[in-house]
Amino acid sequence: MEQLRIVAIYGSPRRNGNTATLLKKAIEGARDSGADVEEIVLRDLKISPCLEIYGCLEAGECAIKDDFQVVRDKILNAQGLILASPVFFYTVSSHTKILMDRFQSLWVKKYWVDKTPPDQKTNHRKGLFISAGATKGKKLFDGMLLTIRYFFDVLDMELWKTLLYRQLDFQDDVLKHPEYLQEAYTAGKELTSAIENYFNG
Ligand SMILES: Cc1cc2nc3c(=O)[nH]c(=O)nc-3n(C[C@H](O)[C@H](O)[C@H](O)COP(=O)(O)O)c2cc1C
């Protein structure tokens with residue numbers, strides 16, 4: 001198989017914050033295992049929120065033309081996705097949610113345009129989700145995980161692993177936890193091997 005492709009998405013508005021630092025480690029791990037990783041920083045892109053005009057009903061294509069199409073094509077052409085978002089009001093950041101909502105056009109394509117049976121799942125691609133929040137509550141990640149599971153489902157991706165870290169607030173807080181950084185690095189490596197094992201049988 002050709003070099004496997006992974007897309008890495010920075011969902012935080014903070015360029016060098018906790019999730020960005022963790023994501024960089026995961027990317028390093030994936031690259032050290034031979035993956036071709038493309039990095040996407042959502043705050044640098046122009047992506048409109050979904051306007052619910054359902055232009056996608058015609059052919060499953062979002063009618064709003066902006067940076068979404070480039071991101072969508074990259075994600076759909078990759079074998080893996082690493083998505084990182086902080087907890088904002090118990091869910092993902094707005095940048096991340098705006099991207100997710102635009103993928104409603106893919107949902108429409110699958111189920112309304114192409115009429116794919118709902119139980120026909122392929123799920124051969126794999127994703128890693130990384131998050132950090134300030135507090136230590138037991139339910140800190142519950143809300144976002146529902147959103148994330150459903151998002152990966154629309155992408156036909158298995159949510160292979162989640163790395164969720166509590167009590168990280170100021171942007172360098174994660175640097176006090178080298179074990180988290182190591183965990184992210186290892187996850188990037190293992191994600192690459194897991195995808196490779198799947199595709200190479
Ligand atoms: C708009 C906003 C909303 C937030 N909401 C929560 C929250 O609901 N729960 C929480 O524990 N932390 C919350 N936080 C804190 C962030 O999750 C925390 O600072 C995290 O480490 C930021 O990650 P980053 O550095 O990758 O952006 C919020 C921060 C912001 C700016």
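## Second largest pocket

In this predicted model, the largest share of the lining of the second largest pocket comes from α5, which gives 4 residues. At least two residues of that lining are supplied by each of α3 (94-102), α4 (104-113) and α5 (142-154).

The second largest pocket holds about 170 Å³ of space, and its lining residues include Lys-97, Met-100, Asp-101, Trp-107, Tyr-150 and Phe-151. By class, the lining of the second largest pocket divides into 6 nonpolar, 2 polar and 2 charged residues.

## Largest pocket

The largest pocket, with a volume of about 280 Å³, is lined by 18 residues, of which Arg-14, Pro-86, Val-87, Phe-88 and Ala-132 are the closest to its centre. The lining of the largest pocket is made up of 10 nonpolar, 6 polar and 2 charged residues, and the space taken by the ligand is this largest pocket.

## Ligand surroundings

Around the ligand there are 17 residues, the closest being Ser-12, Thr-19, Val-87, Leu-168 and Asp-169. The shell around the ligand consists of 9 nonpolar, 6 polar and 2 charged residues.

Of the 650 Å² of accessible area that the ligand has on its own, the protein covers 78%.

Note on methods:
Residues numbered from 1 in each chain as written. Predicted model: local features only at pLDDT ≥ 70, side-chain atom pairs only at ≥ 80, totals over all residues. Heavy atoms only, no water. Near = heavy atom within 4 Å. Areas by Shrake-Rupley, 256 points an atom, 1.4 Å probe, with all protein chains shown as cover. 1 Å grid on protein atoms, 1.4 Å probe; cavity = no way out; pocket = protein on both sides within 12 Å on 5 of 7 lines; lining within 4 Å. Sits in = over half its atoms within 2 Å of the grid points. Nonpolar A, V, L, I, M, F, W, Y, C, P; charged D, E, K, R; others polar. Points joined across faces, edges and corners; volume = space filled by probe spheres on them.
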